[in-house]
Amino acid sequence: MKRVILPLALLTAMGTVTVSASEQFAMSDADRAMYSEMLENNPADIFVEEGGEIFEEEIGGEAALAKFLGISEKELPKYVAGFPRYIKKLGNVVGLDQVMQAMQVEQGKEKTPLKSGKMFSMLAYVKSLANDEVINIDVNADEHIKAAYALGEEVYMTPRGGRGLACNSCHSADIIGQVLRTQPLPDLGENNVAGTWPAYRMTKSSLRTTQRRFQGCMNNALLAVIPLGSKEMNALEVYVNKLAADKQKTMAIPGLKR
Ligand code: HEC
């Protein structure tokens with residue numbers, strides 16, 4: 001792996017405090033109490049439920065999804081835990097939201113935009129079908145996913161934007177756990193990004209998806225924001241999901257995040 005040289009501005013911003021990587025959130029005791037209460041009763045559960053209803057009514061539910069993917073309904077949970085995937089019918093490495101859009105087109109319906117609350121809810125529901133499955137993305141399954149992984153790694157490692165930062169500048173193994181503006185820098189594999197988004201984001205009071213969370217960091221770090229569902233964005237998700245797969249993490253949707 002490439003060694004990262006942190007820009008001086010970032011090092012200065014980070015200060016010297018180091019906390020353990022298991023300390024996922026910088027929170028007050030009151031916030032921490034609220035967090036554990038919300039864990040019991042995740043506000044996103046309602047979005048997942050709604051997403052399931054829309055998915056069933058508008059797209060035909062699990063049976064239709066399995067049929068579209070050319071697998072049995074029984075195979076669906078394990079299969080869902082391996083996205084993004086190369087889907088031959090679509091000729092691309094895609095996310096499950098794009099699979100649902102393709103199903104809508106096939107059924108002569110209007111596509112639900114990738115960036116919509118409705119799609120976030122449906123995506124959360126479909127991903128929750130894989131809950132408790134080990135994340136099993138196979139980046140060697142075919143040449144397309146191999147290429148996506150390589151592109152994802154490049155996007156992750158390449159410094160961009162006004163401050164010359166890459167994802168890896170803040171999320172590399174040798175920097176995680178250090179604190180940037182009160183927030184510990186998280187290990188994206190250990191934090192199981194692949195298995196915990198869509199999540200309820202407490203600071204945004206809403207359900208957010210993996211790719212929306214990526215865009216949040218792009219905005220904060222002044223990196224040009226990559227569009228949802230684009231080749232680069234899907235590739236980045238492939239790369240980040242592999243980090244959780246390497247740690248044998250399991251699906252647990254919806255997540256709950258600061
Ligand atoms: C300037 C430093 C910085 C850069 C650059 C950066 N991040 Fe982050 N990232 C953070 C911090 C700090 C957090 C934790 C924030 C919080 O808890 O609210 C975080 C959180 C995340 C999370 C959520 C982790 C979780 O627990 O689920 C994801 C996913 C993520 N970043 C992905 C990326 C990606 C992809 C890139 C590159 C496009 C990137 N980040 C670039 C600082 C950065």
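Guide: What follows starts at the ligand and then moves out to the helices and strands.

This is a predicted model, in which local features need pLDDT of at least 70 and side-chain atom pairs count only at pLDDT 80 or more, while totals for chains, interfaces and linings use all residues. Residues are numbered from 1 along each chain as its sequence is written, and side-chain values use heavy atoms, with hydrogens and water left out.

There are 24 residues around the ligand, where a residue counts as near if one of its heavy atoms lies within 4 Å of the molecule. Those that come nearest are Cys167, Cys170, His171, Cys217 and Arg258. By class, this shell has 16 nonpolar, 4 polar and 4 charged residues. Here Ala, Val, Leu, Ile, Met, Phe, Trp, Tyr, Cys and Pro count as nonpolar, Asp, Glu, Lys and Arg as charged, and the others, Gly among them, as polar.

For Arg258 the distance is 2.5 Å. For Lys257 it is 2.8 Å, and for Trp197 it is 2.8 Å. Two elements give two or more residues to the shell: helix 9 (167-171) and helix 11 (210-220). Helix 11 gives the most, with 4 residues. Helices (H or I, at least four residues) and strands (E, at least two) are DSSP runs, numbered from the N terminus.

Helix 11 also packs against helix 12 (residues 231-246): their axes come within 10 Å and cross at roughly 100°. Axes are lines fitted to C-alpha atoms, for helices over the stretch in contact, and angles run from 0 to 180 degrees between N-to-C directions. That makes helix 11 roughly perpendicular to helix 12, a label used for angles of 65 to 115 degrees; under 35 counts as roughly parallel, over 145 as roughly antiparallel and the rest as oblique. In this contact (heavy atoms within 4.5 Å), Thr210, Gln211, Phe214, Gln215 and Met218 of helix 11 meet Met233, Asn234, Leu236, Glu237 and Val240 of helix 12. These residues divide into 5 nonpolar, 4 polar and 1 charged.

The peptide bond from Trp197 to Pro198 is cis, with omega near 0°, and Pro198 lies in the loop between helix 10 (193-196) and strand 5. Two strands pair if DSSP finds at least two bridges between them.

Strand 5 (residues 199-201) and strand 6 run antiparallel and are joined by 3 bridges. In one of them, Arg201 has Ser206 of strand 6 as its partner. The loop between strand 5 and strand 6 holds Ser205, which has a positive phi of about 45° although it is not a glycine. As background, most residues other than glycine have a negative phi, and most peptide bonds are trans.

Methods: Polar contact = N/O pair within 3.5 Å; in protein donor to acceptor, adjacent residues only side chain to side chain.
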